[in-house]
Amino acid sequence: MGIHVIDIEDAHKQSVEDLFKTLNGSADGLKSTDAQERLEEYGANSFQDKKQSAILKFLRYFWGPIPWMIEVAATLSAVIKHWPDFIIILVLLLFNAVVGFWQEHQASNAVEALKKQLALKARVKRDGKWSEIDSAILVPGDIIRLRLGDIIPADIKLYEGDYLSVDQSALTGESLPVNKKTGDIGYSGSVVKQGEMVALVVATGVNTFFGKTAKLVSTAKSVSHFQKAVLTIGDYLIYISVGLAVVLFFAMLLRGADFLRLVQFALILIIAAIPVAMPAVLSVTMAIGAMVLAKMKAIVTRLESIEEMAGMDILCSDKTGTLTQNKLTLGDPVLFQVKDSQELIAAGALASKAEDQDAIDLAVIAGLKDTGILNNYTQLKFVPFDPIRKCTEAEIKEKGEGTFRVTKGAPQVIIKLCNLQEDLVKQVNDKVDELAKQGYRTLGVARTDSKEAWQFLGLLPLFDPPREDSADMIKRAKEHGIQVKMVTGDNIAIAEQISSRLGLGTHIHMADEFFGGVSEKTAISDDMAARVESADGFAQVFPQHKFKIVKVLQRLGHIVGMTGDGVNDAPALKQANTGIAVSGATDAARAAAALVLTAPGLSVVIRAVEEARKIFERMTSYAIYRITETIRIMFFVTLAMIVFNFYPITAVMIILLALLNDLPIMTIAYDNTWLNANPVRWDMRRILTVATVLGLLGVVETFGLLVIVKLFFKLDNAQIQSVIYLKLAVAGHLTLLVARSKHSFLSRPYPAKVLLFAILGTQIVAALIVGFGILVTPIPWSYVGYIWAYCIIWIFIEDWAKQQVYHHLKLTGKHHRRFISKLKQRIHPYGM
């Protein structure tokens, strides 16, 4: 096509007309065929991450502390000519690399799929028609419409409309929004804060200002509390493993054990005890959970936010579209300075823009009996609604007549604009309050007369009925330990009416009661914070109020969820532990949120919370199991070698254990799990206590079997090692069944089929290994049966002990909470 790439500096200097010529474009937009050709020439309007070679990714798993230890162990096996050990260690090394690579591949694929669902959209004019497309397929020469809340998808030249107020702080460092007018340049990645304009795309992708400076922009990856806790457990297990291995090494060395064989054994023991698979299990469980949430119409923008969702105990929910249907219907208009209702509705329709697909605008236009009446007027200028002005305004040219202006918006704003007499103001406000008590929100409508003075025409009542499932969902949220607080920009009468219908309570406050005279840096008093905490909802809320509500509730120790849809909601969504961009939210709100809903209603949020708690429980089960196994193996082997002065299991057996243990763990992300009725937070005390009890019981169980076998069975050391190996393999996997539930392991929810089959499959493999003597000394099949029976008896003992520990923790937890509550009441009368 031969269209050269335009430098942004050149675009600054050239006029719009010159740019149209340079880009072979027009105000009617490109033809679809031209756009496709340009897409092939310029490439996608995105920044492709530099993808690492799959081979290099795979080879990376052979480099690092754990692979080095395995490689040293393999080398030592070769030096002492233990070839079976050498081969099986290499298998372990390869297995760890394959599993790690595959799990990382799964996780990255899941994240990529989520990113595709979150792709930005752009309103573009092609073939003379406006439509919505993925911003990734925009090309230079396209015509796009920008409005409040949009993230500018490419470098553009503005050429039609009044103004845009643009936040480009992420690119230029300017702290305040910048006003843009016709002929100005807008940068890709900037956020539209106010206004609406049409623009010509001049540069896309890597050719934009943002693309050229992309190296300066970095996205920080925060590590969630849960990940930190699990990684802390990993460090803790490493310290235990290395510490016990050192004790074992010197104790056996003093008894004359072979140095090289001892080093090899100690290294392999540490490798088996350290949770090598932990990062992979963590990321895959999160990623698979995120894909499940996406199917529920809830897209997670950061995998780590799943933990915060599981712990959420307060949800501040928007009314419109979340608790209500966002299907506005026009009520009976209230007339003031007009002849009839159709004249009033027509004035409101002239202050609307149908192509913007705004719910209020469409409801007003739908109230006209004959929309053809609008053909007698031409809209010269249109100023869209924004949260600060709270009204729309248009300049209109009537056929054969002059021009005038019309506006519609919040009644208090229109009243102020018209300078009404006090008695008329009272009359209007009384009517607004009367309608509000019936659940109607109202719009004031005004137009200018021949002297350019605003005349108040009347009120347009709009009704947005509650969603049919909202009341049930709020009840369900309460059952899950989540307090729902309604947050709305409507007046207090409407808020109370809707709130009472939904069962939220009528303890509604106006946001100004708490934050009216409070600056950004000033904290409200403790007693005021307590009132915020006890409120059922907030009315006449501005976006800045949302941010302050979140901050106050977090100060009181709550994990807060906040819904939002507008560009001004972004700070509150970012501040909330779980920021939720509702269905139809602006690009800026979606970018700030941790969770993006693609379907309306509260039910999506509740289902997402339920799934997040299940994911959290799977992670907790894995942590308990992993600590238990490390304690069980490390303490038992150290104790047995010191007491009996022989290797209770061989290096090959340890490696086989590590291989077989990892297979069921890979399926834990798919397990059925208990749904906690209350918000869940990381409870290190509970996990360490349960895991320690199960681990030490496992040591007693295994050491007891060793004593029985040595004293009562006529087996040589090699056969004893096979017995202990089978016992550790069987009991380890059965422990996973115990660890996955707080209740009896026989109670619901039962293990997922994939987990159960993985456990049974590895059990059968372990039994076949010792029965047929594969890489180990064979033992009679009757002994295999005895070991199974022994482990099954002990699983009931472990399960009973686990339930006693949970019961004890529950009691002590209640006493602790009661003590803290009394202490707080003594310190502060509001229980702060």
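**Surface and backbone features**

Phe250 is partly exposed, with a relative accessible area of 49%; partly exposed lies between buried, under 20% relative accessible area, and exposed, over 50%, with a 1.4 Å probe and protein chains only. This is a predicted model, in which local features need pLDDT of at least 70, side-chain atom pairs count only at pLDDT 80 or more, and totals for chains, interfaces and linings use all residues. Residues are numbered from 1 along each chain as its sequence is written, and side-chain values use heavy atoms, leaving out hydrogens and water.

**Nonpolar patch**

- Phe250 belongs to helix α9; helices (H or I, at least four residues) and strands (E, at least two) are DSSP runs numbered from the N terminus.
- Together with Val79, Val242, Val246, Leu253, Phe259 and Leu260, Phe250 makes a nonpolar surface patch of about 570 Å².
- Two or more residues of this patch come from each of α9 (225–254) and α10 (259–273).
- Helix α9 gives the largest share, four residues.

**Backbone geometry**

- Most residues other than glycine have a negative phi, and most peptide bonds are trans.
- Lys297, which is not a glycine, has a positive phi of about 70°.
- Lys297 sits in the loop between α11 (278–295) and β8 (298–300), and is partly exposed at 43% relative accessible area.
- Asn645 also has a positive phi, near 55°.
- The loop between α25 (603–644) and α26 (651–665) holds Asn645, which is partly exposed at 42%.
- Arg748 and Pro749 are joined by a cis peptide bond, with omega about 0°.
- Pro749 is placed in the loop between α28 (717–739) and α29 (753–772).

Conventions:
Patches are made of residues with over 30% relative accessible area and no salt bridge: like charges are joined within 9 Å, nonpolar side chains (Val, Leu, Ile, Met, Phe, Trp, Tyr) within 5 Å. Accessible areas come from the Shrake-Rupley method with a 1.4 Å probe; for residues, only the protein chains shown count as cover. A salt bridge is a side-chain nitrogen of Lys or Arg within 4 Å of a carboxyl oxygen of Asp or Glu.
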